[in-house]
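Subject: A structure to look at

Hello,

Here is the structure I promised to pass on to you. Please open it first, and then read on for what turned up in it.

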Amino acid sequence: MNDLTPTREQRTAALEGMGCKRKRVEDIRFTQGRGNYVDDVKLPGMLHGDFVRSPHPHARVKTIDDSAALKVPGVLAVITAETLKTVNLAWMPTLAGDVQMVLADGKVLFQNQEVAFVVATDRYAADDGINAVIVEYEPLPPLVDPFKAMDPGAPVLREDLVGKMSGAHGPRKHDNHIFEWTVGDKHLTDAAFKKADVSIKEMISYHRTHPSPLETCQCVCSFDKIKGELTIYGTFQAPHVIRTVVALIAKIPEHKIHVIAPDIGGGFGNKVGAYPGYICAAVASIVTGKPVKWVEDRIENLTATSFARDYHMTTEVAATKEGKVTGLRVHVLADHGAFDACADPSKWPAGFFNIVTGSYDFPTAHLAVDGVYTNKAPGGVAYRCSFRVTEAAYCIERAMDILAQKLKMDPAELRLKNFIKPEQFPYHSALGWEYDSGDYHTAMRKMMETTGYAALRKEQADKRAAFTRGETREIMGLGISFFTEIVGAGPSKNCDILGIAMFDSCEIRMHPTGAGIARVGSKSQGQGHETTWAQIIATEIGIPADNIMVEEGNTDTAPYGLGTYGSRSTPVAGAAIAMAARKIKAKAQMIAAYKLEVHEDDLEFDIDGFRVRGLPEKFMSMKDICWAAYNSVPPGMEPGLEAVSYYDPPNMTYPFGAYLCVMDIDVDTGVYKVRRFYALDDCGTRINPMIIEGQVHGGLTEAFAIAMGQEIRYDEVGNVVTGSFMDFFMPTAVETPHWETDFTVTPSPHHPIGAKGVGESPNVGGVPAFSNAVNDAFSFLGSTHIQMPHDFWRNWKAAKELGAVA
């Protein structure tokens, strides 16, 4: 070895593998404005479609007169439900086992529901066309309040379900009832409450909000009548699922449907499901024989595509007088809107809400969820969370603060007293989950020590004394959140979408020169997959990440996968990538043994190649092995170096975190200041620390928006009053706090690289931290629980109701 021979550290650094702060390779095109989004797709002869939408939340559609619209220059067709019935496409299946109108069939059930689809030569003509369509409505009584959905006199919304007292998830109690889902031991839980020294009960509501990605939902559909093939470009988080759904709906053979998801400007769950725009654009292309583009505007996105949350959680905790929890009882009223279009695994109508026991060792628990229809937009997407996990984390984290307040205990100490202990893992929760690994006490104590928690509590006590003396009008709140998330959907034993197991996939092809391509079933919407997937491969097989191209989103080339949402990319697709890389490595080892003239068991992998044990000078690099794979493989071995892996995880993964928010609120104005926000995450093995930090920053910003003002709100007659960014809180750099990030590492024992996922965690943990800070501040004035969102007006109103403002 001479002075020019790279050291182990230099060879490792050259790979830019796992643990490296590798710059995002995607950003080269994004920062130069050279991304390729759906609206950049322009096909020869392309037409444009737009929707006529209902101004009413609930009304019968008496007539649709399109005669004037068809006279508008450039308008070629007007498609209605009657048109779709001729091809059996008037209704489409939802991911939750319900059915949904594509276009209004006899009545409308929410404001801005799609009524007719106008096809024209350009967007301007289409807009003129929709304004020329005359629709006669007969208004019906709206149902907006989910608590009144099952009243005896409640208006019946889904007339197609009248008399059907059994749905996709079991018995229905009322025409407006969707399902009741229960889990846990009711008898033992009731007994625990009877014996409890202390209990709390609170209605904890997580309001309706919306993912509102930068890019709205859109598609381009092109039907080739000669080949009978349909090509769809779209904003799809799960392209293969969309292909299967279209095949089931349109009866086009699946191999003749080509789905391509190019660059996507954010998803956050909003782009998982199928929307009427996709179906109508496809039908319009089949009818006209030309490509048809549909692009929704911001108001349409906020008011008609899938909402998030809208869970109303009656929460009870039983405990001893010393603060040890003994039971948890939760009933949820879930507002699903006009159709049950939740993006949940088939067997879980309330998603993974039964993670509501959180990070705590509850001996027993019982959960019941009732889903109901209302005159609101359908959906229930996992807005930067894994299938209702955010609602569950908010529920239990608010409940623990309320319990601490009743017991007059510090909320951090109450949590430490009740955490699942490290030696209890793998831990079986009272509501059915098996937590893989964790060290909650270490994470919580690190948060408390790093932030100077004891000193902050002392400062808070001093400020409260000053407030009482009239020396200040500010109140100070410390918001603690300790969450355990469940991600990585999922194992085929309990997770599927439309009957398709929620595995994921990767195909790796190494080329003779030592470069390669990885095609993956996931689909990035900004998570940096092109960067991090190559890093996993670099570490696993010793080829520099810069020599690995990552491709996603094309169903013709990528192996079948269930897509990217619910923080499942690293836990599932990342595992598939590692397993495919290990198949590559196994074949490479056989080739290296042949070339080095030793038995393969005599070789050991050394960063970027194989070395003979005891003879370090006998070494063959992975680059040289790639060349040999195409010209001198062992006798009987097939040439080439390729592998495919479909990974069906044995269990979910369980990332966790400890967050603290320090907030000051002026009681006279309700104006708040987030003085400090500290977020410690444990996502298992860390692939790219820089990208993790970016994910945490983004998720915390969304959590801040949700907790402090972001809401889809309806008035009493069903009008959406927050249908644009004039009214829907979208924080800018001016409002967004400074984020302080930290971590611990507890690898997942069953994941090939020990990773757990992090993309959803900051939203899951951030929302209760903000809300707990506000509630902690107002607890000084005698409040127990103030519902989100905590905007200036609501803060001032709370202060006034508590007597702090004259």
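What volume does the second largest pocket have? It comes to about 480 Å³. The lining of this pocket is made up of 27 residues, and those closest to its centre are Arg-29, Glu-530, Val-550, Glu-551 and Glu-552. Please keep in mind throughout that this is a predicted model.

Strand E27 supplies the largest share, with 4 residues.

Which residues lie nearest the centre of the largest cavity? They are Gln-100, Gly-273, Ala-274, Tyr-275 and Ala-341, out of 28 lining residues. At least two lining residues each come from strand E4 (91-93), helix H7 (239-250) and helix H8 (276-288). Helix H7 has the largest share of this lining, at 3 residues. Sorted by type, the lining of the largest cavity contains 17 nonpolar, 8 polar and 3 charged residues.

Finally, a strand that is worth a look on your screen: E16, which covers residues 292-295. Val-292 and Trp-294 point one way from this strand, while Lys-293 and Val-295 point the other way. Are these four residues of E16 buried or exposed? All of them are buried, Lys-293 included.

Strand E16 is joined to two strands that I can point you to. One is E1 (residues 47-53), which runs parallel to E16 and is linked to it by 3 bridges. Within that pairing, Gly-49 has Trp-294 as its bridge partner. The other is E13 (residues 218-224), which runs antiparallel to E16 and is joined to it by 4 bridges. There, Val-220 stands opposite Lys-293.

That is the tour for now. Happy exploring!

Best wishes

Key
Residues are numbered from 1 along each chain as its sequence is written. This is a predicted model: local features need pLDDT of at least 70, side-chain atom pairs count only at pLDDT 80 or more; totals for chains, interfaces and linings use all residues. Side-chain values use heavy atoms; hydrogens and water are left out. On a 1 Å grid over the protein atoms alone, a cavity is a set of points where a 1.4 Å probe fits but cannot get out, and a pocket is an open set with protein on both sides within 12 Å along at least five of seven lines; lining residues have an atom within 4 Å of a point. Ala, Val, Leu, Ile, Met, Phe, Trp, Tyr, Cys and Pro count as nonpolar, Asp, Glu, Lys and Arg as charged, and the others, Gly among them, as polar. Grid points are joined across faces, edges and corners, and a volume is the space filled by probe spheres set on the points. Buried means under 20% relative accessible area, exposed over 50%, partly exposed in between (1.4 Å probe, protein chains only). Two strands pair if DSSP finds at least two bridges between them.
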